[in-house]
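Q: Hey, I've got this one open on my screen and I'd like to go through it with you. Can we take it bit by bit?

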Amino acid sequence: MSYSFSAKPRLTSLLLKLHWWYVRIVIPGSLLLVTAPLLFADPAPATVDQKDLEGVAVEQQPKHLLQEDVSLDYSYVGDADLRSGLGGHLGEQTTRFGYSVKAPINDQWSLRFGLDYNRLDFGQPAGSPLPYNLQTLSASFGANYKVSDQWGVFVAVMPRLELIDGWNQIESQDFQLGGAIGATYDPNQDLSLRFGLAINPGSLDTPVLPLLGVRWHFAKPWTLNFGFPRTSLDYQLLPNLRLSPVEVNFNGGSFHTSKTYGNSVGMAQLNDRQLDYTEVRVGSGADYAVTKDIHVGLDAGAVVYRKFDFKDASFSPKVDPAPYVQLGVKVGF
């Protein structure tokens, strides 16, 4: 079964601009998929973090205590038509596991560690030249320094492993080592800013990437969260229920095919090529706080843009839009 969606010209133009920005700024290093818990330091005292609900009473955390978060997300995307003359349909399932820990050293210094595993499985016709799965395993090691009540700085080192179709053929080019440096600014309880630079030596086009994040509580029930990989407009409906009427999520990464990748499908030009995968989702979601430390999320919408771009191979197939649904759980310790 295939699906079709229509959009107004202005919306289509906006999504294309978002796609261009994502490809040029986020995809080349896949850095922001793992650095969010590291780079986005603790916000103002009135909140816990971007996912926590402001209406839930938050106990005062003892100083110098480890703070840990574990998250697990699963999403299912319906079948959609393959373009670029490939024929057939493409289905998708995505699984993501994340872990982060903050270890305060004193009132100014804290250390952070993050681990992120992201897997995309594609169901498609036999003999397809597209990958059957893409996997990214990333880690982040960093430190935050609190300059004042409003200002802070951070630095991080971020190794990652990006694989196509399993763990059988791991080559040196599948490993990348990046880093980041930047600052945080929280002028009041309602506004938080994060900005800096990410170093990504694995990308020839953009070896240095800008980082930007904004959290703005502009009205009592409303909060705007701008950043990557998620941008949303949130509404606090109940003390333990937050709705996101509009949210945009990005997924993907830069991978490298093996020296024999295309031989089995008669497309030798796909051997030893960089593959950039881009995915844009637009939908709505809800986050329910079972307790102050356990959150359950449900999201649904449409994957409005998907593209496999094999660099220097003149082969960049796209996939038609399709609906998706996602379930997730986050536990804090």
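**Walking through the model**

Q: Let's start with Asp-320: buried or exposed?

A: Asp-320 is buried, at 13% relative accessible area (buried means under 20%, exposed over 50%, and partly exposed in between, with a 1.4 Å probe and protein chains only). Keep in mind that this is a predicted model, where local features need pLDDT of at least 70, side-chain atom pairs count only at pLDDT 80 or more, and totals for chains, interfaces and linings use all residues. Residues are numbered from 1 along each chain as its sequence is written, and side-chain values use heavy atoms, leaving out hydrogens and water.

Q: Got it. Which side chain does Asp-320 meet in a salt bridge?

A: That's Arg-83, with N and O 2.8 Å apart (a salt bridge puts a side-chain nitrogen of Lys or Arg within 4 Å of a carboxyl oxygen of Asp or Glu). Arg-83 sits in the loop between β1 (67–81) and β2, while Asp-320 is in the loop between β14 (318–319) and β15 (322–332), so the bridge ties together parts 237 residues apart in sequence. Arg-83 itself is partly exposed, at 45% relative accessibility.

Q: Wait, how are helices and strands picked out here?

A: They're DSSP runs, numbered from the N terminus: helices are H or I with at least four residues, strands are E with at least two.

Q: How much of the chain is buried?

A: Of the 333 residues in the protein chain, 45% are buried. Among its contacts (heavy atoms within 4.5 Å) with a separation of 6 or more, 60% are between residues 24 or more positions apart.

Q: Back to salt bridges. How many are there?

A: The structure holds 17. One of them pairs Asp-121 with Arg-119, with the closest N and O atoms 2.8 Å apart. Asp-121 is partly exposed at 25% relative accessibility, and Arg-119 is partly exposed at 26%.

Q: What about Arg-242 and Asp-287?

A: Their side chains meet in a salt bridge too, at 4.0 Å from N to O. Arg-242 is in strand β11 (residues 241–256) and Asp-287 in strand β12 (residues 274–289), so this pair links distant parts of the chain, 45 residues apart. Both Arg-242 and Asp-287 are buried. Salt bridges with shared partners also join Arg-230, Asp-234, Arg-242, Glu-247 and Asp-287 into one network.

Q: New topic: how many aromatic pairs are there?

A: The count comes to 14. For the rule, rings of Phe, Tyr and Trp (its six-membered ring) pair if their centres lie within 6.5 Å; planes under 30 degrees apart are stacked, over 60 edge-to-face, and the rest tilted.

Q: Why is the pair of Phe-122 and Tyr-277 edge-to-face?

A: Their planes are at 70 degrees, with ring centres 5.5 Å apart, so the pair counts as edge-to-face. Phe-122 is in strand β3 and Tyr-277 in strand β12, so they tie together parts 155 residues apart in sequence. Phe-122 is buried at 4% relative accessibility, and Tyr-277 is buried at 0%.

Q: And how are Phe-310 and Phe-315 arranged?

A: They form a tilted pair, 5.6 Å centre to centre with 35 degrees between the planes. Phe-310 is buried at 1%, and Phe-315 is buried at 10%. Elsewhere, ring pairs link Tyr-99, Phe-113 and Phe-141 into a cluster.

Q: Let's look at Ser-128. Where is it?

A: Ser-128 is in the loop between β3 (109–123) and β4 (133–146). It's buried, with 11% relative accessible area. A polar atom of the Ser-128 side chain lies 3.2 Å from the backbone nitrogen of Leu-130.

Q: And where's Pro-207?

A: Pro-207 is in the loop between β7 (191–199) and β8 (208–219). At 39% relative accessibility, Pro-207 is partly exposed. The C-alpha atoms of Pro-207 and Gly-178 are 9.3 Å apart, though the two are 29 residues apart along the chain.

Definitions and conventions
A polar contact is a pair of N or O atoms within 3.5 Å; within protein, one must be able to donate a hydrogen and the other to accept it, and residues adjacent in sequence count only if both atoms are side-chain atoms.
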